[in-house]
Amino acid sequence: MVNWKSIVNAGSTSINNLLIQHFQDLKFTSEEFVLFVNLKMFQELGIKFPSTAQLTHNTGFSAAQIYQLTQSLIDKKLIKIQSQTSENHKFQDYYDLSPVYEALQNLQESSKPAQKDDAAQTIFQKIEVEFGRPLSPIERQTIQEWLTQDNYSPEIINLALKEAVLNQVYSLKYIDRILINWEKQHITTAAQLQNNKSHYGGN
């Protein structure tokens, strides 16, 4: 019977959660991801260039599959094979896994404009419903700037809209003054706003 302590002492491999969540967005196939995880495991064990036999044993893939999958990861710019000089001045190959994190960063950055566009469209619709009229192009631009230049969150913009409606003031300028005032008070979330109102006796 295997002692459970020996299982715990076998250690674990650290895989970034975002990488797990977005491995398909990065164009990993399931087999490529299994190989990548094994490369990461060997790297954390200090084996920077595991042999084909080691990878075959761990993954169950054939040697031909290991070669094919490795080449595919290189072609997709998710890994590299680099060389470095060892202590005895010999060149040693190693798997460089950093490209996958660069690809993940690029993916995250490229998704931000789309996310802000979606947020802007949602805010446009909410304000048009509350104001009872379509927004002008200049008003739409103002809202876009709140998100992209002032970096106000959709949550805080919606709270400012609610505040304006409660005061029966249907104006973006009024909402803008609310946002500026909250920014000065470092209010960026609903919880902070509620705490501020409670502190000053608001509702």
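**Close-up views of a predicted model**

**View 1. Aromatic rings that pair in the predicted model.** By the rule that ring centres lie within 6.5 Å, the count comes to 6 aromatic pairs. An angle over 60 degrees counts as edge-to-face, and a pair of aromatic rings is described in general by the distance of the centres and the angle of the planes. Phe28 counts as buried, at 5% relative accessibility, and Phe36 is also buried, with a relative accessible area of 0%. Ring pairs link Phe23, Phe28, Phe33 and Phe36 into a cluster.

View 2. Helix 5 is made up of 13 residues, 63–75, and it reaches 18 Å from its first C-alpha to its last, close to the 18 Å expected at 1.5 Å a residue. Which residues of helix 5 are buried? They are Ile66, Leu69, Thr70, Ser72 and Leu73, and because they cover an arc of only 160 degrees around the axis, they lie on the same side of helix 5. An α-helix has 3.6 residues a turn, so residues three or four places apart point the same way. On the other side of helix 5, Ala64, Tyr67, Gln68 and Asp75 are exposed.

**View 3. The surroundings of helix 5.** The buried residues of helix 5 are covered by parts of the chain that include helix 3 (30–44) and helix 4 (52–59), together with strand 1 (80–85) and strand 2 (91–96). Helix 5 is followed by Lys77, a residue whose phi is positive, near 60 degrees.

**View 4. A salt bridge within helix 3.** The structure holds 4 salt bridges, and one of them is formed by Glu44 and Lys40, whose closest N and O atoms are 2.4 Å apart. Because Glu44 and Lys40 are 4 residues apart in helix 3, about one helical turn separates them.

View 5. Arg140 is partly exposed, with a relative accessible area of 29%. Glu139 and Arg133 also meet through their side chains in a salt bridge, at 2.8 Å from N to O. Of these two partners, Glu139 is buried, with a relative accessible area of 16%, while Arg133 is partly exposed, with a relative accessible area of 33%.

**View 6. The whole chain as a setting for the close-ups.** The secondary structure of the chain comes to 10 helices and 2 strands, and from the N terminus on, its elements run α-α-α-α-α-β-β-α-α-α-α-α. Of the 203 residues of the chain, 29% count as buried. Among contacts between residues at least 6 apart in sequence, 52% join residues that are at least 24 apart. The chain exposes about 13400 Å², and carbon and sulfur atoms supply 51% of this area.

Conventions. Residues are numbered from 1 along each chain as its sequence is written. This is a predicted model: local features need pLDDT of at least 70, side-chain atom pairs count only at pLDDT 80 or more; totals for chains, interfaces and linings use all residues. Side-chain values use heavy atoms; hydrogens and water are left out. Rings of Phe, Tyr and Trp (its six-membered ring) pair if their centres lie within 6.5 Å; planes under 30 degrees apart count as stacked, over 60 as edge-to-face and the rest as tilted. Buried means under 20% relative accessible area, exposed over 50%, partly exposed in between (1.4 Å probe, protein chains only). The expected span of a helix is 1.5 Å times one less than its number of residues. The arc is that of the directions from the helix axis to the C-beta atoms. Contact means heavy atoms within 4.5 Å. Accessible areas come from the Shrake-Rupley method with a 1.4 Å probe; for residues, only the protein chains shown count as cover.
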